[in-house]
Amino acid sequence: MAGLDENNPGVICPENPQGSLRGGGVGKYPTATTGLNRRALSNINRNIIGAPPYPCAVYKRGLSENAAICDKNPPIHAHRPITRKFAAQKANMQQPKPEEIKNSLLPEVSAVIDVEDYKAAGDVPMFVQHTEAMLEEIYRMEEVEMEDVVEEPVMDIDSCDKKNPLAVVEYIDDLYDFYKKAEASGCVSSSYMLQQFDINERMRGILIDWLIEVHYKFELMEETLYLTINLIDRFLAVQPVVRKKLQLVGVTAMLLACKYEEVSVPVVEDLIMISDKAYSRKEVLEMEKLMINTLQFNLSVPTPYVFMRRFLKAAQADKKLELLSLFMIELCLVEYEMLKFPPSLLAAAAIYTAQCTLSGSRQWNKTSEWHTNYSEGQLLECSRMMATYHQNAATGKLTGVHRKYCTSKFGYAAKIQPANFLLEEAQA
């Protein structure tokens, strides 16, 4: 390291082999720094860098003790206190906390500028105003980020079934993605009755209301009922049927659904008996052949019940919510106008309506929205129609679903007060 000549401050002399400066002292720094040395360094800096155009800015009392601001490079000695203080802070620094790390990323203008001194003097520079505006914007963004952090997370509804091979957790999401894409193949037009010349939607409702009672008396599986209704609608959408054969279509559709879903299938004679012997065995078997060929043997279609099981799991439903949801969707099976909604939306809307009915307010969390792919706004139209059917379930002639769900086996779900507030909101 080079030293300075004591007699001539402008001349630099070489360092001693021992590493000391000429003028006394051993080591890197001299034992005493004379005033001449300080002036010599100052003169050198002025010669190399040039004097600052605003010398008063270095010694202005409005600046903090730790630093000074100047439009150009300040003298070297003006920065020494800052270097020493920061070195001491670094030496004594402890493990920072997460919030300290985050705050350290913000510009520490307050450590360099004493804003209050400027404000007291009534003269706030433009760069100070910009700095305050920037900090306010950063604080506002932090508040928005904190609001996003507390947002409701999506639950892993399959975590408890990872050891259950029947739950097929590895590809259950892929299965329901396929069901969602394939549900259109099992849907029919909501205006197909215009092609029928001898039957109407009212007759269809009477048939399905009767089949719901037959299904209940035979104690068949839930999947059988939904598949039966699907087969009837798909057959009537492409095949004209006379009025006196409509009940035969319903009985035959239930026979096919039982063969597809049930372990123990009712015999043909049982179905003939339940229809008051209106048809012979031969007529049932002939209609079975006609129906299965018309549908091209395609019985593997996703019905509302397929989606219902998954969506109930996403809603963390108890038995009461499950029975009320099934009651809602069976009310829709009877109504011809509900054919305009796809099966997945019917299932999601039934669960949403049941939650609103039990809680008395809107209930639809992020987990249900994620697994159903339906937002609350997409379900409102269908849900309000379900609430209307719930209000009128005990009136009129088609009360089979209401009677079924007024029993203890189904938890007296039909006796629960409907979600009238959904209809009141629509009228307001």
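**Entry 1: H14 and H15**

I looked up how helices H14 and H15 lie in this predicted model, and I recorded them as oblique to each other. The axes of H14 (residues 319-334) and H15 (residues 343-359) cross at roughly 125° and come within 8 Å. I noted the crossing of H14 past H15 as right-handed. On the H14 side, the contact residues include Leu321, Leu324, Met328 and Cys332; on the H15 side, Ala347, Ile351, Ala354 and Thr357 are among them. By class, I listed 11 nonpolar, 4 polar and 1 charged residues in this contact.

**Entry 2: His390**

I next turned to His390, which sits in helix H17 (residues 376-391). His390 counts as buried because its relative accessibility is 5%, and the cut-off is under 20%. Leaving aside residues up to four places away in sequence, I found His390 touching Phe327, Met328, Leu331, Thr357, Ala413, Ala414, Ile416, Gln417 and Pro418.

**Entry 3: Aromatic pairs**

I searched the whole structure and found 10 aromatic pairs. One of them joins Tyr176 and Tyr179 edge-to-face, with 5.2 Å centre to centre and 90° between the planes. Both residues lie in helix H7 (residues 172-182), 3 residues apart, about one turn of the helix. Tyr176 is buried at 17% relative accessibility, whereas Tyr179 is partly exposed at 25%.

I then checked Tyr176 against Phe307: the ring centres are 6.3 Å apart and the planes stand at 65°, so this pair is edge-to-face. The pair links distant parts of the chain, since Phe307 belongs to helix H13 (residues 304-314), 131 residues from Tyr176.

Terms used:
Residues numbered from 1 in each chain as written. Predicted model: local features only at pLDDT ≥ 70, side-chain atom pairs only at ≥ 80, totals over all residues. Heavy atoms only, no water. Helix = DSSP H or I, 4+ residues; strand = E, 2+ residues; numbered from the N terminus. Buried < 20%, exposed > 50% of the residue type's maximum accessible area, 1.4 Å probe, protein only. Contact = heavy atoms within 4.5 Å. Axes fitted to C-alpha atoms, helices over the stretch in contact; angles between N-to-C directions. Parallel < 35°, antiparallel > 145°, perpendicular 65-115°, else oblique. Left-handed = near helix turned anticlockwise from the far one by under 90°. Nonpolar A, V, L, I, M, F, W, Y, C, P; charged D, E, K, R; others polar. Phe/Tyr/Trp six-rings, centres within 6.5 Å; stacked < 30°, edge-to-face > 60°.
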